[in-house]
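Please read the following briefing alongside the sequence and the 3D view.

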Amino acid sequence: MARVSRKNGNKNKLKGRCSVPLVGLGDQQLLYEEEEVSIDRVEEDIISSEEDEVEHERKRQKLLEGISTLGGKRKRAQGERSEAAVHMSEFSVNTDGGPGKVKLSDLIGSLEKSPAVPAKSRQQLKNLQRIKKTINSPLSKEETERIQRDMAFQKAASEVSRWDSIITQNQRAEQLLFPLSQEPAGPRPVERLVAGWNVQTPLEQEIFALLSANKQPFTDPILTPAEEASVRAMSLEEAKIRRAELQKARALQSYYEAKARRDRKIKSKKYHKVQIKAKRKEFLKHFEQMAKTDPAAALQELNKMELARMQERMSLKHQNSSKWAKSKAIMAKYDEEARKAMQQQLEMNRQLTQKLVTPLNDDYEQEEGDAGETDLLLDFVNDAVDGRDASNPWMKGKLTEEPTQKQLNDMTTEAAQVVSTVAAEEEELEAEETEEEALLREFDSNRRLHQAQESDIAGGVFLEEMTEDRAAAEDSEASDCLSEFTITSRGREKSFKDTEVFNCADFTDGSAQLDERLVRIRTVEDLELLHHDSSAEPRHPPTAKDPPSEEKHMGKSKKKKGIELKEVLTKETNVIKVPLTPTVTDSDDAESKLDQRELIKEAFAGDDVISSFLKDKRRQEDEGKPKVIDLTLPGWGEWGGMGLKPPKRKRKRFRVKSAPPPPRKDQHLPSVIISEKRNTSLSLHQVHSLPFPFEDHGQFESCIRSPLGRTWNTEETVKKWCHQTPEFGSPSWGPSLVPWLRRNC
Amino acid sequence: MKVQVLSRNPDDYVRETKHDIQRVPRNYDPSLHPFEVSREYTRALNATKLERVFAKPFLASLDGHRDGVNCLAKHTRSLSTLLSGSCDGEVKVWNLTKHECVRTLQAHGGFVRGMVVRYCGNSFFTIGDDKTIKQWKMEAPGYGEEEEPLNTILGKTVFTGLDHHQKKGVFATCGQQVDIWDEQRSTPIRSFTWGVDSFSSVRFNPVETELLGSCASDRSIVLYDMRESTPLKKVIMTMRTNTLCWNPMEAYCFTCANEDYNLYTYDMRHLEKPIKVHMDHVSAVLDVDYSPTGQEFVSASFDKTIRIFSKDDGHSREVYHTKRMQHVICIKWSADNKYILSGSDEMNIRLWKANAAEKLGVLAPREREVVNYSQKLKEKFQHHPQIRRIARHRHLPKNIYHQKNELRIMKEARRRKEMNVRKHSKPGSVPVVSEKEKHVVSVVK
């Protein structure tokens, strides 16, 4: 109690000294008192004057501290490690520690004296003393976790990627035999045999009980549990590797953390400015590249930039309306630097709000310019051609220019000239050729009509038609063998981009789609019915594909009043991969424009298109005409001899004239050859589009043409070709199906 | 006078035993066989027709449960054993060859949520609505013995999914979090949480055996590595995923069954976009299982059908249904690649053939050859329209057929609208989003 009373005395003294009531402090003191009371009740009589003084000093210190903390917020008590107090009471535990904080120097003071400590560590300690920084606080929990997750994922992904080669190899393999790796033939190790064997007789049971009691192995007679454990324990190397791995991971993590922290902490505006500038530069470089390689992404970036610009304009961030800017504006009159700063600011604003003239646009404009040039060139070319071959109206087409009225008039006169020249040139030809002239005239008039109707499209379209016709003619000549199973190529209309995308998503798969109906099949007859159903109305390719092409058809037929080629020409044509003038003016499609010159050259590689076409047509007609079959057998029923000729009567009698064929479909169509050879009933059985894995028609045809059966192939080849895929040799047990996949069993 | 006679070596035309095929000398000169293509075409057509006529996939129905079948488990060592758990907590062990139940045990109080056979095949685990994990012996108890679990673990929360490690005594459960358990301990050795509170299924990767995948109720699929302390990554989709199944042949691929009627095959390294979207179901897909060859998988749906997909195809190769089969809840592909097992709401387990027209039983070698040859022929001529028409014909129940049409129309309308919007707005402002990208909301690192 003595202590308590002493304290009370102290307090009174304090109160005496500073008559200000110290509320907070008083509370503390009170608390303190209670503690003391509970602890120190025993030591009543022991009071030493020294101790009293020390106590006094401490109280004073505490008071001062209390006063100093009064003004600000109450600080949270920091967890502090301290040595035991210098003056220790052997009777009580002193909670306040010593008079001051323990410093590093206190701890290592003895080190410096002892000679055993090497100089190096002494130096290190000194350095440590000099450093006064506090340790960084760790990153937030979320951030740490994210870093950890990311690292773990990368590790797992790289681990999994090791299967890549095996998986692709399996995918490409012609045949997989399961299970993929069979157990090696031959005697199996004893331990595996024993594993499946159960103890039955009492003797065996006893033996096994003994064995198990002594921890002796009986399933695996090679290793005892202790041995196994030692085997299982990590070897030194493994442990080292593991440690290295862990170290690396830790280092990486700390690196990430440090980087994140550094970036966050840097206050220097200049640094950030430089950083931003560098970033922008980098971005621009990247963007330029992107504009070349991936215009879609570049466009997106562009949009982003545009958005940023708009935001800048909206916010007026770098305008002279901010507080700072206003103050600078006042200062600017007198201060050079302020003026500079303002100018910089305004410059920044200008930069940010400037509408970008993108490299994309530049390209575009440039291309347009190029196109214009080529146009000019084109005209020039055409003019030159004009004089060379007057009989060919295609050669002097002004493809991209809209013909003025004057030009049109020129054209008509020219055409008349052409006709006359043609007539003059082909005088040696027979009277039928007059027909040709008429045709030519028709062509010409057609052409003029076209030119009047549409400016630049007509030439291209017509050209296309012509080439298609020729291709068709050639095709019909060439393809007669194997016509049933060859596929007929179909020049698909270029459909809208988005429909294509949709098709990609849906109908590429659509080819593999089941045809689910409400009809159930039970017998072959049902199948026949099904068959007929389908043959009655052949399935169109997916409906979604149709409308655009139909629309296009409509558009075309509107454009041209004449006969629509696609409707009349039922024979499928080969697509000739020559870039033509686009039928739809597409300003983006600059490449085709660039190529136009070569294209024209290629198209009219020094030949007379029309006359050759007409010849073709005549030949086709001739081929279609029935031929007289002469069945006379010279010498039959007559006396033989040299120079024998069957009599006229017999010749007449044995000549068979077949009935004339039905009139040709194209007899009234001057610019068209319609092949009569096509058998429509076959088209139901033909493949109309190139199936997926094949890249060209030849491949597919050859695939179909090579037979598989043993009627046409040797036994060996048939065996090689006709195997099951994948073959399943014996049942597999879940994971053991892939023993080749298990590495670390 | 010298007389020349034709002489032939009898080795060329006489067979060695009467069991051999008659030797037929052939001239393989292609010019002598002008009609080979048309002959093979006819053969292919006939083979296709016969295939459709013989396509009878349904084999048997195992009936005996008194409530809907909620989970199935394949035996890891025996082909003929199947385990099934029902919604009343009953587990049945079936002998598939005899089509009969060999053992019944009351495992849990509520649903049997999940079941898995240990890799050794000696015991199996079940989880139930009563918050317990129980380990059972595979052998039936002897006469007079009580049916008791080897081990019971009481959990704090309900478990919803269960899977066992391929070769270690470790299993994983999911519920409020994904837990990894050691068989010897009663507390999980590791538990993963990542802001989600309910998972519906968890599966171990059969190849990279330390990896796991789980489906959560916040529409996400989360990947884990058993060795790490944190999850790896998650992808959030537009709708919830019910189950997922890893491809047993491709370590990084898994397929997940989604509520939006589709299945998605992902490469775990690139979760931003599935490799393939498999569509055809007309209602939520509830379960999926891979064939042991990893080439195909089978899915069970709420629309009362089972569909078989090739892993590279967007549409199904086969659809199975019967009049009486209700919502199919669980599905398994047998380990010999021949059968499919489905458990459905109406208390039956059904056994199907994986290839509908396949002949069962042992085939004579010549029979096998014929089958292989016709298979090749069908493959060769599969693109010809008449053959394709027959090969793809399937019967569908009326309501599913109409639902399918309806869905198609809806989809088409949506597409058209999008096209129109695109057409009438600033170019580039309505980007074209592919079907694959459409269903992924985000990937969280």
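In which segment of chain B is B:Asp20 found? B:Asp20 is found in the segment before α1 (36–54) of chain B, where helices (DSSP runs of H or I, at least four residues) and strands (DSSP runs of E, at least two) are numbered from the N terminus.

This is a predicted model, in which local features need pLDDT of at least 70 and side-chain atom pairs count only at pLDDT 80 or more, while totals for chains, interfaces and linings use all residues. Residues are numbered from 1 along each chain as its sequence is written, chains are lettered from A and ligands numbered from 1 in the order in which they are written, and side-chain values use heavy atoms, with hydrogens and water left out.

**Chain A overall**

- Chain A has 30 helices and five strands, and 26% of its 745 residues count as buried, a word that here stands for under 20% relative accessible area, with exposed meaning over 50% and partly exposed lying in between (1.4 Å probe, protein chains only).
- The accessible surface of chain A comes to about 53,400 Å², of which 55% belongs to carbon and sulfur atoms; such areas come from the Shrake-Rupley method with a 1.4 Å probe, and for residues only the protein chains shown count as cover.
- Among the contacts in chain A with a separation of 6 or more, 70% are accounted for by residues 24 or more positions apart, a contact being heavy atoms within 4.5 Å.

**Surface patches**

- Patches are made of residues with over 30% relative accessible area and no salt bridge, with like charges joined within 9 Å and nonpolar side chains (Val, Leu, Ile, Met, Phe, Trp, Tyr) joined within 5 Å.
- A:Lys269, A:Lys270, A:Lys273, A:Lys277, A:Arg280, A:Lys281 and A:Lys285 form a positive surface patch; A:Lys269 belongs to helix α12 (residues 269–293) of chain A and counts as exposed because its relative accessibility is 70%.
- A negative surface patch is formed by B:Asp11, B:Asp12, B:Glu16 and B:Asp20, and B:Asp20, with a relative accessible area of 35%, is partly exposed.

- B:Thr243 is in strand β18 (residues 241–246) and is buried, with a relative accessible area of 12%; leaving aside neighbours within four places in sequence, its contacts include B:Ser201, B:Cys215, B:Thr255 and B:Leu286.
- The C-alpha atoms of B:Thr243 and B:Ala216, which are 27 residues apart along the chain, are separated by 9.4 Å.

**Salt bridges**

- Over all chains, a search of the whole structure finds 46 salt bridges, each being a side-chain nitrogen of Lys or Arg within 4 Å of a carboxyl oxygen of Asp or Glu.
- B:Glu228 forms a salt bridge with A:Lys155, the closest N and O atoms being 3.7 Å apart. B:Glu228 lies in the loop between β16 and β17 (231–237) of chain B and A:Lys155 in helix α6 (residues 141–161) of chain A, so the pair joins two chains.
- Within that pair, B:Glu228 is buried at a relative accessible area of 19%, whereas A:Lys155 is partly exposed at 40%.
- B:Asp267 and B:Arg269 meet through their side chains in a salt bridge (2.9 Å, N to O), and both residues are buried.
- The side chains of B:Lys376 and B:Glu379 also meet in a salt bridge (3.6 Å, N to O); these residues are separated by about one helical turn because they are three residues apart in helix α2 (residues 365–380) of chain B.
- Salt bridges that share partners join A:Glu516, B:Asp280, B:Arg307 and B:Lys404 into one network.

Note on methods:
Lys, Arg positive; Asp, Glu negative; His and termini not counted. Charge placed at Lys NZ, Arg CZ, Asp CG, Glu CD.
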